[in-house]
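Thank you all for coming. I would like to walk you slowly through one structure, beginning with a helix and ending with the backbone. Please have a look at it before I go on.

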Amino acid sequence: MFIPIARLPFLEFSYETMEITRKIRKLDTNTDGNLDLISDLPRHIIDCVLNRLPLHDAVRTSILSRKWRGYWATLRHLDLGYEFYLFIKDAVENKFYRYDILLHDKYKYEYKRIISRIFMLHIGPLVKVNLYIPKLDASEHPLRDTDLWILYLSRKNIKELTLTYKNRERHLLPRCFFSCRDLTHLELRNIVLEPPPNFKGFRNLLAIQCTGVKFKANMFESLMYGSPLLQKLVFENCSGMNHFKVSAPNLEILRFEDNRRFKTIGFENVPKLADVTISTLYTEVDHFAKSPHLLEFLTSLPKVTRLSLNGDFLRLLAGDTLPQQLPTTVVEGLKYLKLNSLDFANFDEVSCALCLIRNAPNLKQLEIQACTTREDTLAPKWGYMEAGAPFGCTLDGLRVVKMKLIRGFKPELEFVQFLLANSPFLEKMSIDWSLYTGHSQAQRKLILDMATELIRCYRAASPTVDISLG
């Protein structure tokens, strides 16, 4: 099939290009002039080569020989992402005067024409597409052709789709998007999802990642209950999910990072969920915010092995009271624990963190990123090391501890003491001291002296530990 590749503006036939092509053809022909090694490559080898090239280079292979002219148009993977956008932008700027007052209109026209022509010339099935829609103007609606592009993709039985809109306003996807029933992997950015009334989810979906997506008309609920094969779920700064209730029997990985308030959060029927990351925003004035207490939360995650929580969510889990001890079966599988933005001056956050650490018998690695920003003289002494303290335990399984943004406040140093004194088999502890420019030289020296003394005093508690200060 003949494909008019010369009409694609990023394929220009300069004298140098033609000369190189002539030499290649000469090298790929034997002494009899009958065998074209490039053209006679097995088709699966050609597809393998083309799939590893940027799209504009894949199109340029059409000049290698007559047989190669239509190969790029049958690619099953089209990467029209950010790198392709940059290439088109540079090509337009090089073609026209960079400071031309009409450059923006020319760029918009060329970009729309290139994408539309690629889709028009493509033949055969599409498996994977990455499509980037740039921000064209601060007050402008995204290209009208984008909905036509979505319609085209919905008719191709596409399986993996990445859509990124960079306009100021989120883009409402057309209803034809919800007819992509063969989707297995979906990645959306800056999108509005409003499903038709008969939408029942994506039955074949295995993984979905949403960033800045707004869910409307029970879209989230339809997605949860209509995607039974879902294995990976990633939500970052999404809206329209006031009730974040996850029910997915095959889910293995969950990332939920939200800087908005929510009403409820919970899990049910997640027997395979092993890797959980939750980061939320806590506000005391939000009387609607509800969360399961620590025991209820951990009980709903029977197979969790990796857990990452931020300080605000720990505060929500703490509730009014924390149990002295959790059932041994609740977190016996937990091996990796990461605590982000932990405020050592906040009693609820520290108490909840300690409850998790003390009741995880198989915990091997602990990572903490502190966010203690004040030397609070009113902060109580937690008393980790005092005789009869409720924090007493032995962390036999703990092998690695990493602590970042430590500023040398007493609660932080006391926490380090607690870990060293109760981790007899600890192998490595690294502490990243955050020395702010606001500290005087005397204050910096005091912090380092305190750390050195701390390590010297408690090295005997973990004789094999390798301690490093950053």
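Predicted model: local features only at pLDDT ≥ 70, side-chain atom pairs only at ≥ 80, totals over all residues.

Let me begin with helix H10, where ten of the twelve residues are buried, so that this helix is largely enclosed by the rest of the structure. By buried I mean under 20% relative accessible area, while exposed means over 50% and partly exposed lies in between, with a 1.4 Å probe and protein chains only. Helices (H or I, at least four residues) and strands (E, at least two) are DSSP runs, numbered from the N terminus.

Residues are numbered from 1 along each chain as its sequence is written, and side-chain values use heavy atoms, with hydrogens and water left out.

Back to H10, which covers residues 347-358 and spans 16 Å from its first C-alpha to its last, close to the 16 Å expected at 1.5 Å a residue; the expected span is 1.5 Å times one less than the number of residues. Among its buried residues are Cys 352, Leu 354, Cys 355 and Ile 357, and Glu 349 and Arg 358 are buried as well. What do the buried residues of H10 pack against? Their partners are helices H8 (294-299), H9 (311-318) and H11 (410-421), together with strands E14, E15 (336-342) and E16 (365-370), where contact means heavy atoms within 4.5 Å.

I turn now to charged pairs. Side chains of opposite charge can pair when their charged atoms come close. A search of the whole structure finds twelve salt bridges, each being a side-chain nitrogen of Lys or Arg within 4 Å of a carboxyl oxygen of Asp or Glu.

One of them joins Arg 306 to Asp 275, with the closest N and O atoms 3.8 Å apart. Because Arg 306 lies in strand E14 (residues 306-310) and Asp 275 in strand E13, this pair ties together parts that are 31 residues apart in sequence. Arg 306 is partly exposed, with a relative accessible area of 37%, whereas Asp 275 is buried, at 15%. Salt bridges that share partners bring Arg 255 into one network with Asp 275 and Arg 306.

Another salt bridge is formed by Lys 245 and Glu 268, whose closest N and O atoms are 3.5 Å apart. Here Lys 245 sits in strand E10 (residues 243-246) and Glu 268 in the loop between strand E12 (264-267) and strand E13 (275-279), so that distant parts of the chain, 23 residues apart, are linked. Lys 245 counts as partly exposed at 43% relative accessibility, and Glu 268 counts as partly exposed at 32%.

Finally, a word about the backbone. Most residues other than glycine have a negative phi. Asn 237, although not a glycine, has a positive phi of about 50°, and is found in the loop between strand E9 (232-236) and E10. Ser 341 also has a positive phi of about 50° without being a glycine, but this serine is found in strand E15, where Ser 341 is partly exposed at 33%.
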